[in-house]
There are 4 protein chains.
Amino acid sequence: MSAPTIKEAVVTLSAGPVAVYPSVLRALSRPVAYHYDPYFQHFFESVAKKAATALRVKEPALLLQVEPAPAIEAAAASLIGPEDTVLNLASGVYGKGFGYWSARYHKDMVEIEVPFNEAIDPADVAAAFKQRPDIKIVSLVHHDTPSGTINPIREIGKIVRDHGALLLVDAVSSFGGMDVHPDDCHVDVFITGPGKCLGGAPGTTVVAVSERAWAHMEANPKAPRASILSYLDWKDAWRHDKPFPFTPSVAEINGLDAVFDQYLNEGPEKVWRRHALTAAATRAGVKAMGLELWAKTEAIASPTTTAIRVPDGVTEQAWVSTARDAFGVVFSGGFGATAGKVLRVGHMGPAAEPIYATTAITAMGGALRKLGHKVDVGAGIEAALAVIAAG
Amino acid sequence: MSAPTIKEAVVTLSAGPVAVYPSVLRALSRPVAYHYDPYFQHFFESVAKKAATALRVKEPALLLQVEPAPAIEAAAASLIGPEDTVLNLASGVYGKGFGYWSARYHKDMVEIEVPFNEAIDPADVAAAFKQRPDIKIVSLVHHDTPSGTINPIREIGKIVRDHGALLLVDAVSSFGGMDVHPDDCHVDVFITGPGKCLGGAPGTTVVAVSERAWAHMEANPKAPRASILSYLDWKDAWRHDKPFPFTPSVAEINGLDAVFDQYLNEGPEKVWRRHALTAAATRAGVKAMGLELWAKTEAIASPTTTAIRVPDGVTEQAWVSTARDAFGVVFSGGFGATAGKVLRVGHMGPAAEPIYATTAITAMGGALRKLGHKVDVGAGIEAALAVIAAG
Amino acid sequence: MSAPTIKEAVVTLSAGPVAVYPSVLRALSRPVAYHYDPYFQHFFESVAKKAATALRVKEPALLLQVEPAPAIEAAAASLIGPEDTVLNLASGVYGKGFGYWSARYHKDMVEIEVPFNEAIDPADVAAAFKQRPDIKIVSLVHHDTPSGTINPIREIGKIVRDHGALLLVDAVSSFGGMDVHPDDCHVDVFITGPGKCLGGAPGTTVVAVSERAWAHMEANPKAPRASILSYLDWKDAWRHDKPFPFTPSVAEINGLDAVFDQYLNEGPEKVWRRHALTAAATRAGVKAMGLELWAKTEAIASPTTTAIRVPDGVTEQAWVSTARDAFGVVFSGGFGATAGKVLRVGHMGPAAEPIYATTAITAMGGALRKLGHKVDVGAGIEAALAVIAAG
Amino acid sequence: MSAPTIKEAVVTLSAGPVAVYPSVLRALSRPVAYHYDPYFQHFFESVAKKAATALRVKEPALLLQVEPAPAIEAAAASLIGPEDTVLNLASGVYGKGFGYWSARYHKDMVEIEVPFNEAIDPADVAAAFKQRPDIKIVSLVHHDTPSGTINPIREIGKIVRDHGALLLVDAVSSFGGMDVHPDDCHVDVFITGPGKCLGGAPGTTVVAVSERAWAHMEANPKAPRASILSYLDWKDAWRHDKPFPFTPSVAEINGLDAVFDQYLNEGPEKVWRRHALTAAATRAGVKAMGLELWAKTEAIASPTTTAIRVPDGVTEQAWVSTARDAFGVVFSGGFGATAGKVLRVGHMGPAAEPIYATTAITAMGGALRKLGHKVDVGAGIEAALAVIAAG
């Protein structure tokens, strides 16, 4: 093997791509079928249906052959027409970023932006609609991963639906790790992927599109066709008797199949519970060590990623790399506006296990100590154990 | 498992996605690393370099996170500027199709089109340049898979370079199965992928871009940025100390690593030889059975895919599905303009083994006989064996 | 990789170890659990029960941590006591060989031996009982793989049971490929393994032991204990709350689980049918090529392995190695008394597919031709196709 | 899947079978070759040589197709002749147990037994030779896993060699995790396996046999032949041109190949260092929590397994199962004479990483607290971190 000589991580607690479940790794090594062999055509359909079961929607899910970031770009291109006014809700790097894509397609955009450690207030959304009744599309990032914060999707969804607008949600790093689904949140384009809470490999995107959203795209004169930016191309591709717009990523679809088996077989409620418990134990440990959460209030702290402020006198880069070198534990740093400001611990998929909260605390604390920053790791562990015991 | 009840194929001899080498399947199941972990950053760089070794170019290859069709769309978007005149060479479905993408970006397009069972004549390319010295970009499909025909890339490349134009080549289903490389064919954007002759999974694209082509893209005012259609976003992403524009498909990159190991360890010349021998044996058998090759002359028949005319009284669909049902052997039908007209046998990756020429002949012949079409399968086998013995 | 430079086979049609189903290969790569972790203890029990379902017996099967040859040695050691008279039925190399193991433990042995291309006549068994009513144990190889011949197990089983003796059967290379089970054949120690018709990896043995046989072992004063030769040590090891005599081969047990899933999910009857059809097509092709089956009559030719006489002027070794070198197809030669006399084609597990009958014929015929021996390969293929078409 | 509903472990820190390296799991899923195909014959030889490189011996290693316990039984059967006097050194369950196997074959046995938390004193070995100059074979367990204690193999080896006796050593759970090799310790039959410190699957045994030991076996009139108990059967089986006594466990050999690649590529010294450091950190944490090591002195505590006394008021069973239930962490209990008395933490293969010392301390401590036993987990973590920092 000519791979580089850096040793692989011992424990990956990143904010994604995350460690992948063994069952999914094995599925990725299934034989690769010809995409127009009837076996694969039926298999693809079955995966789209399995995804729908997980998403709790009726129509088979849209399976896109790119990871979520470009799939969100494509959603903007497909959904936002030249007559559309968009309300962009920006509580973090990804929320803010959507606005730039929107600008390529919309007529006008209203933006509600809050500091990137806070959440959107539904009252502000209601107020925006009052001021701009022409808002046709609302875009929201449910969990803005670079901040580790959660927006009140249910309340926002209700307001958007009441106003007859369409809601596009990036639920990439929340779905599968907490109780959030398109229908009960009134989401019209619900975008998620296997590479976060579902514990799969990155490389595809799973989308639930409402009938209203399909109609809007079909009416959009600029909606891309014969393009990687097109949602419409793939609308019927799940049917075993319809063609694929281009070759699907067969190995990734094999992996997706196992991703949903893993999730549904364990039981969503159980999966969410261990995500929440791991995050809660991590937060307790972080605070007991004298560190500070990035999220302004614990109420909006994500159950799938914990962002921790980098303490004074330490750099994010040094903290992350010391944890890696000394313990083989991989964390994420910040991203975009949070770069340099936070260390992030992912609690996603197979890493969403309470014992890893203690691993995270030990590695974070041990690394800080190496860097000359005093922390009481023992207290952190005790606090995490108390949360786990209360379970 | 909730997979459908259609049994998986026994032998896949499709035109791609093809059966994948066992070593690549195993690589697809390697642990998924966090993309910003130094291990993965160095690993990604090493794969880009390994790809360059295979492509025989100096600069690490561009690794794109989509399969080749959208990567070619992105090449059109990135390379073709609003002042560019394009010469599109169309000898098959894919060649013709490129023109539609080109039309979104170019100023003007000249097209040379030949019947889809023939190859482009380099003299026609020279003539086109004489008539339109403003041609800036030439696009060519080296192996137009739906036809199973090969274009004279070396001769065309020489002419294009002599005129100072840029040559964009789709070598997706030829590279890795025959002796074709960017530099000796004067190709500026050389696009290939793991899912054909290299025997890997589809889902990524490997591109060699010349310095001249990078300069042209950088000068293109409409070249996409912050987009899945952008080549420029990924230009430096192979460097371990540069960011990724979005999350790479980690599992696919794991697979790519093994794809190039497999190819380089076996030895390219050996790999090409078994592709050529398998194709030659297949053609001999086809003719001995009284069937007709689609390619107008055997000289332009691809060493990686053999397209055979569907005989009168039989439908492509019946032929393909009977071979599948009776023998578990998977073939491709035609595509686009060749749909309904040909059955295609892939000789790619692990299927490029002479014994599979006889498998193909047996299954094709046996299926025709079931459909009431008389063929001398025995004669087909004997002819193939003679080619293999002379091999 | 420092593996030797011999290329791996393209198609393995050996008499075992055979090519393994992809689903089983993947199962072999499941995480290895600690054997006393409750997960594994329950898992082991579930595999023993799944094996029993496949064997159509009530008690969970005995899972031994060695491949069948030593498991048969252990059966002799465990079952045959110092007061036991054994009737050994020898119609092949393995049948004959059992007598040598028996000799270490029995009081006396009666042997019926027939030429190694014939089968045991049940009438001779009945006659033996008449002459030696003290026969307590009868040993039979159902399918003597080195000969590719099948013994009439049902008839023999009836006679043995009627006389109150115990029947020990080596069904290693027949179970899973044809309709044979312990209870309907009155077998008391029914030994099989995953590495033949079940398409798994070699390395374990699966045994059904009747209550009468357990009682006999428990009464055997010389039955080994605390030994790899002991059956009794493992009698209760399938229970999740009982200890293992020594560490089970965890990866092999993972593989076994998938072996039985594969068999039961496809459906035994379907599996047997494709074994039988592949063998029949192979025999037809062999004869049409002018070669001779080793089995004296086709009625006793195995549906899971076809043994073909090496024609004059050719050596087994040259035939096998030429097929390997020219086509990448792996066959078995003879073994023991049949070494040098036969080439054997396995039709087992994933190789039990009719298309592989034609692969075998092509590779056998092509190799003979290379060696200067004239055969009509085309006729062989046509004959095989006719059998498959009649299917 | 019909597997039981107990969830798989999150972190396995058992004393073996241990968690297996991902590279080895993938190797277990390599295609299964026919054992007499030249590819496999050469491959088997290459693995035997790779094992010898790891063992630092000249002759290719003996690869046995059973896990170490029966391989040790077979060693007794093969090496100990009816005229041999054996000196059995018993400092633990396994050492004591060897005497029972020896009793089946030897003429006489001398035994030095020490309490199972102590190590053999070389002076006692020297004294035994003085008293019984007829001692021909000495048997030693280097690391008696149920006790987690290490015997002074170098010193003992020197004494045994000086007296011209043969030394048989069970190094199953020490080799690969610390600096111990046959030649520099004067060991004649050095038995180890992949399922402990080498991080592979259990199911095979790797043995280095000295020329003197082979000569002794060959001279042993009772040495088994044509038996699973025979070492002599396999003596030359590593040669690619020699037959196998019975079918090798192909998948396990595939795994072994990766086991030695993993070990040799990382570098033995690095591997030993992380075993030692993990064990040292664990011991420091255990003591800081107020728990007691089983080993009488830390000097004889194993670097690959730490055995900890079960504190008063708690049962081993409750401790182990609470750690499993509350944290998903798997530990081993005691075995044989240590059953009920100790909990054992394995530091073997991929689990030999310092971060897992803290995982072990957290899970042990957290479980004890749940059981009402007070421990200062925080202090345990701090103590472990201090050891790791001193590295």
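In chain A, strand β11(A) is joined by 5 bridges to strand β14 (residues 342-346), and the two strands run antiparallel. Within this pair, Thr305(A) stands opposite Gly346(A) of β14(A). The pairing belongs to an open sheet of 3 strands in chain A, ordered β11-β14-β13 and antiparallel. Because β11 (305-309) and β13 (332-333) of chain A each have a single partner strand, they stand at the edges of the sheet, and one side of each is left without a neighbour there. The model from which these and the following values were computed is a predicted one.

The domain assignment of chain A gives domain 1 as residues 22-265 and domain 2 as residues 267-390, and the centres of domain 1 and domain 2 of chain A, taken over C-alpha atoms, are separated by 28 Å. The contact between them draws 26 residues from domain 1 of chain A and 26 residues from domain 2 of chain A. About 2100 Å² is buried between the two domains of chain A, with carbon and sulfur atoms giving 63% of that area. On the side of domain 1 of chain A, the residues that lose the most area to domain 2 of chain A are Asn117(A), Pro146(A) and Tyr263(A), which together account for 24% of what that side buries.

Polar interactions between the domains of chain A comprise, on the one hand, 2 salt bridges and, on the other, 17 residue pairs in polar contact, both residues being at pLDDT 80 or more. In terms of secondary structure, α4 (93-103), β7 (149-150) and α8 (250-266) of chain A each supply at least two residues of the side of domain 1 that touches domain 2, and α8(A) gives the most to that side, with 3 residues. Sorted by class, the side of domain 1 of chain A that touches domain 2 of chain A has 10 nonpolar, 12 polar and 4 charged residues. A salt bridge in chain A is also found between Lys296(A) and Glu118(A), whose closest N and O atoms are 3.2 Å apart.

Between chains, the contact of chain D with chain A involves 26 residues of chain D and 26 residues of chain A. Chain D and chain A bury about 2000 Å² between them, of which 64% lies on carbon and sulfur atoms. In chain D, the residues losing the most area to chain A are Ile355(D), Glu382(D) and Leu385(D), and these together make up 26% of what that side buries. The count of salt bridges between chain D and chain A is 6; Glu353(A) forms a salt bridge with Lys7(D), with the closest N and O atoms 2.7 Å apart. On the side of chain D that touches chain A, α10 (316-327), α11 (354-370) and α12 (377-390) of chain D each supply at least two residues, and α11(D) gives the most, with 9 residues. The residues of this side of chain D divide into 13 nonpolar, 5 polar and 8 charged.

Across the interface of chain C and chain D, 2 salt bridges are found, while the count of residue pairs in polar contact, both at pLDDT 80 or more, is 16. A salt bridge is formed where the side chains of Arg324(D) and Asp37(C) meet, at 2.6 Å from N to O.

Conventions: Residues numbered from 1 in each chain as written. Chains lettered and ligands numbered in written order. Predicted model: local features only at pLDDT ≥ 70, side-chain atom pairs only at ≥ 80, totals over all residues. Heavy atoms only, no water. Domains from an automatic or database assignment. Contact = heavy atoms within 4.5 Å. Buried area = accessible area lost by both parts, 1.4 Å probe. Salt bridge = Lys/Arg side-chain N within 4 Å of Asp/Glu carboxyl O. Polar contact = N/O pair within 3.5 Å; in protein donor to acceptor, adjacent residues only side chain to side chain. Helix = DSSP H or I, 4+ residues; strand = E, 2+ residues; numbered from the N terminus. Nonpolar A, V, L, I, M, F, W, Y, C, P; charged D, E, K, R; others polar. Pairing = 2+ DSSP bridges.
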